[in-house]
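Subject: Structure handover and notes

Dear colleague,

Please read the notes with the coordinates open beside them.

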Amino acid sequence: MVQRYQSPVRVYKYPFELVMAAYEKRFPTCPQIPVFLGSEVLRESRSPDGAVHVVERSCRLRVDAPRLLRKIAGVEHVVFVQTNILNWKERTLLIEAHNETFANRVLVNEHCSYTVHPENEDWTCFEQSASLDIRSFFGFENALEKIAMKQYTANVKRGKEVIEHYLNELISQGTSHIPRWTPAPVREEDARNQAGPRDPGSLEAQGPTSGLGPALEAVGMDGDKLDADYIERCLGHLTPMQASCLIQLRHWLQETHKGKIPKDEHILRFLRARDFHLDKAREMLCQSLSWRKQHQVDLLLQTWQPPALLEEFYAGGWHYQDIDGRPLYILRLGQMDTKGLMKAVGEEALLRHVLSVNEEGQKRCEGSTRQLGRPISSWTCLLDLEGLNMRHLWRPGVKALLRMIEVVEDNYPETLGRLLIVRAPRVFPVLWTLISPFINENTRHKFLIYSGSNYQGPGGLVDYLDREVIPDFLGGESVCNVPEGGLVPKSLYMTEEEQEHADQLRQWSETYHSASVLRGAPHEVAVEILEGESVITWDFDILRGDVVFSLYHTKQVPRPGARDPGTRASGQLIDKGWVLGRDYSRVEAPLVCREGESIQGSHVTRWPGVYLLQWQMHSPPGSVACSLPGVDDVLTALHSPGPKCKLLYYCEVLASEDFRGSMSSLESCTSGFSQLSTATSSSSSSQSHSSSLVSR
């Protein structure tokens, strides 16, 4: 398996020419890098105008590995070949290096670049990436990988120190400015000589395929660069390997995610939750992104307005910051009537309110980071349990609490910096026994529990909150405006009809529906159209596998049929005894949808009846899946071992006059789907107009 490493952009606040002078001091030997034993120039060439200078070196590096491994390998040092392409005109240095020693067993490739800072031409940027492919190494593959990771981390840090050392040395010697390159006049005699036969080793002879490709590619990815200073200032200290994981995951999202890219601090939370295991963090993050899209969480702070009853009886709210600058949330759970709240507003309203608290918490962390000038990525919760009793152990309430914990753990990892639990009563161990298995171990380590009045005095709240922030109900000086809670009057409870209506609203609030497509078992959605001209619209994401999307029309009502006009039945609806062309007809040609694609489209109907949207597994002989899976590929880990495709879909029926755009705009829309639809029969094409957009 190939391991890849990517370092953040390092910025030297010195001109490119001065940084190059410092870089050249590293050769042929560099005492500041003990593992670098020396180098020799293998080949060197310059362009006619002197703008481009190419140097190929052989570098010897000491093997920093256990003696046993060195003895088995039979070497004390390894040889790398490094090619430097310095372009004074463009002010770039591109570096490629690969190993010659053990090249048939281990492949190491490194790409580096020095370029001018895009916003300040007197600063210089440095980027570094590497890949490691261990094919076989005497049975020590895992040990070698760990050694390579350790050395890479050390070299990234040491490389910065070395350049800064030589920059300071140059400045102390009086060299603080080096003029930029200017073309020298070419004499006529030189021009004639240069027009003659060329040395095969010269720069021109290398041609466009001289290995410039990967190096140029390394500096061409503008969207995924992260400045090392920005990481330190806004995200906190990261080791080189942690920064590499962040950059790789961020770049992967930019390549595959069709929606809004999460902020770096949000991505970092998922990496920390999975101990910077890249694949596990990617899976967790993508499940969360899919969940956010399905439940429209990105719009929650703009759309959610808690009911007045919840604002009065929900005993929680924000209250200044803790001693480390984290936003402080106070929750007086012991004073809150959880049973009454559930019966009065419903479980879904409580969940959405909890989610809005977490969304607000992330927003407050960003504000604290800007205000304090240092990274604040989590908040502190002060949980007051005075008044907690057996009423709080009401089974539906505990079940709802466990659901909320699960949702928060899955989608807001590493957002809780510290949980201060005060005035824990005797019944608390019972509640703790019920909920602790659902709380991540890393999160449990952040809990501090005080019973009775142990929170007062040294070792208590004063170690984590300033005295002027400790709320008055805990003996502090701060007036706390968090609602006091209390019993919810039974007269405010929802009736059974209202409770049923709330459940229906919960179901309808889940705009997108998930579906699995198995081999031989397509997923189909039936939409009944009573009027001739209506518009069926659809929007779906292929989360896993490749599927074929088709649209059919029938005058029969499939089982189970749609109960009311415009409503939908779903599952496998087309009867196996039906014959295409007799019992039902295809009104749109099949569209192959690849894993990771997002499809939006519409169909203008001209005949009443039942329209069937169908997704079936696509598996032609020799087919190859996408090389770069889409974001929602996460759901690959779901439950069934056999071949399965998964998708999220939404469809809606609109009256044609309500549909955005005119009939002519629908007819003239050029897209992959509309081109495919020209292959339908003349009778089908005369019945409808369609358009579909594919996002890759």
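In what order do the five strands of the open sheet run, and is the pairing parallel, antiparallel or mixed? The order is 9-10-11-12-13, and the pairing is mixed; strands here are DSSP runs of E with at least two residues, helices are runs of H or I with at least four residues, both numbered from the N terminus, and two strands pair if DSSP finds at least two bridges between them. Strand 9 (316-321) and strand 13 (447-451) are at the edges with a single partner strand each, so one side of each has no neighbour in the sheet. From one strand to the next the twist averages 20°. Strand 12 (residues 416-424) pairs with strand 13 in the parallel sense, over four bridges, and in this pairing L419 stands opposite F447 of strand 13.

Before the side chains, a word on the basis of these values. This is a predicted model, in which local features need pLDDT of at least 70 and side-chain atom pairs count only at pLDDT 80 or more, whereas totals for chains, interfaces and linings use all residues. Residues are numbered from 1 along each chain as its sequence is written, and side-chain values use heavy atoms, with hydrogens and water left out.

Salt bridges

Side chains of opposite charge can pair when their charged atoms come close. Searching the whole structure gives 26 salt bridges, where a salt bridge is a side-chain nitrogen of Lys or Arg within 4 Å of a carboxyl oxygen of Asp or Glu.

One of them joins D122 and R180, at 3.8 Å from N to O. Because D122 lies in strand 8 (residues 120-134) and R180 in the loop between helix 3 (141-172) and helix 4 (188-195), this pair ties together parts that are 58 residues apart in sequence. D122, at 39% relative accessibility, counts as partly exposed, and R180 counts as partly exposed at 40% (buried means under 20% relative accessible area, exposed over 50%, and partly exposed in between, with a 1.4 Å probe and protein chains only).

Another salt bridge is formed by E366 and K263, whose closest N and O atoms are 2.9 Å apart. This pair links distant parts of the chain, with E366 in helix 14 (residues 347-372) and K263 in the loop between helix 8 (240-256) and helix 9 (264-273), 103 residues apart. K263 is partly exposed, at a relative accessible area of 43%.

R364 and E360 also meet in a salt bridge, at 3.1 Å from N to O; being four residues apart in helix 14, they are separated by about one helical turn. R364 counts as partly exposed at 36% relative accessibility, as does E360 at 22%. Elsewhere, salt bridges that share partners join D322, D324, R326 and R418 into one network.

Cysteines

The structure holds zero disulfides, a disulfide being a pair of cysteine sulfur atoms within 2.5 Å. C234 is partly exposed, with a relative accessible area of 27%, whereas C381 is buried at 12%.

Helix 8 and helix 10

The axes of helix 8 and helix 10 (residues 278-295) come within 11 Å and cross at roughly 40°. The two helices are therefore oblique to each other, and their crossing is right-handed.

Terms used
Axes are lines fitted to C-alpha atoms, for helices over the stretch in contact, and angles run from 0 to 180 degrees between N-to-C directions. Angles under 35 degrees count as roughly parallel, over 145 as roughly antiparallel, 65 to 115 as roughly perpendicular and the rest as oblique. A crossing is left-handed if the near helix is turned anticlockwise from the far one by less than a right angle, and right-handed if clockwise.
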